[in-house]
Amino acid sequence: MITREEIANVLDHPVYDGDGNKIGDAKHVFFDDMTGRPEWVSVKTGMFGSNESFIPIRDAAVVQDHLEVPYRKEQVKDAPNVDVDAGGHLSESEEHRLYDYYGINWDSVLSEAERTDDGRFAAGPGPAGTASAAGAAGTAGMAGTAGTAGGMTGRQEGADRTGMPGDDAMTRSEEQMHVGVERRESGRARLRKYVVTEEVQQTVPVSHEEVRVEREPITDANRGDALAGPEISEAEHEVTLHEERPVVETETVPVERVRMVTEEHVEDEVVRGRVRKERIEAETERFDDESARLDDERRPGRE
């Protein structure tokens, strides 16, 4: 269990479970009315901290700059919602319901609450956070401020707010909006390879042989060849013709490597919310001069 002096190091600081998972940020600490000891811590969970879950603080510990609790993150997020009254207090039935959810025996809570920190016995446990004449109470950390700051107890704070005897100054408080971000899956992208067939066209030169008849006159140079054969006869001479034809074949070659990479783009998004603020105004009551004069005349002993 943490001490009252450690509350300032808990509020608005992260809360982690036993596995090192962040549950949320601590927003409020609730005290037992009879013993004045910290009993519950509320943590903002969910999207943008929209939910507030209660965690028993009896087995929690302050580790460096955060609070560790012996409960899993999923268990805390599924804790039952409880109602806190206008004074910032939990009823006994709400506490009982929370203790049952976390598996804490209510009888052990009663026995621990009967003994105060200095060894004396108290009348019994009171609702967490209730300001009563029997002990210090109040909600610590409203609007992010520590309930024990400056050594002020919950009873003293309540006296200043309600105008009871004490300091002659009022405390003005206001709520502050804290906006965070939550990383979640927004979609999936994948590479898919498939085969398509395309018509391609390429021009290639081809050649072929054709027959052309050449005639040459008889000259002294070719006369011998011309008279070498018979004078009159039938003869035949054959020439083989050639031509080229296109031949197509395909070859598979690598052309490029394709991969997917993610790029993070940051853009500003406006988040709107409602916060409450206290205002303090001074009122001055002035008496009319005529009324004041008449009052003076009515005083006994005036001549």
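Contact here means heavy atoms within 4.5 Å. By that rule, and leaving out residues up to four places away in sequence, K73 touches D17, N21, K22 and I23.

A word on the ground rules: this is a predicted model, where local features need pLDDT of at least 70, side-chain atom pairs count only at pLDDT 80 or more, and totals for chains, interfaces and linings use all residues. Residues are numbered from 1 along each chain as its sequence is written, and side-chain values use heavy atoms, with hydrogens and water left out.

Back to K73, which sits in helix α1 (residues 73-77); helices are DSSP runs of H or I with at least four residues, numbered from the N terminus. A polar atom of the K73 side chain lies 3.3 Å from the backbone oxygen of K22. K73 and D19 are 54 residues apart in sequence, yet their C-alpha atoms are 8.7 Å apart in space.

Now for the rings, which pair if the centres of Phe, Tyr or Trp rings (the six-membered one for Trp) lie within 6.5 Å; planes under 30 degrees apart count as stacked, over 60 as edge-to-face and the rest as tilted. The whole structure holds 4 aromatic pairs. In one of them, Y101 and Y102 have ring centres 5.2 Å apart and planes at 85°, so the pair is edge-to-face. Ring pairs also link Y71, Y101 and Y102 into a cluster.

The table gives relative accessible area (buried under 20%, exposed over 50%, partly exposed in between; 1.4 Å probe, protein chains only).

| Residue | Relative accessible area | Class |
|---|---|---|
| K73 | 27% | partly exposed |
| Y101 | 28% | partly exposed |
| Y102 | 6% | buried |

Conventions
Helices (H or I, at least four residues) and strands (E, at least two) are DSSP runs, numbered from the N terminus. A polar contact is a pair of N or O atoms within 3.5 Å; within protein, one must be able to donate a hydrogen and the other to accept it, and residues adjacent in sequence count only if both atoms are side-chain atoms.
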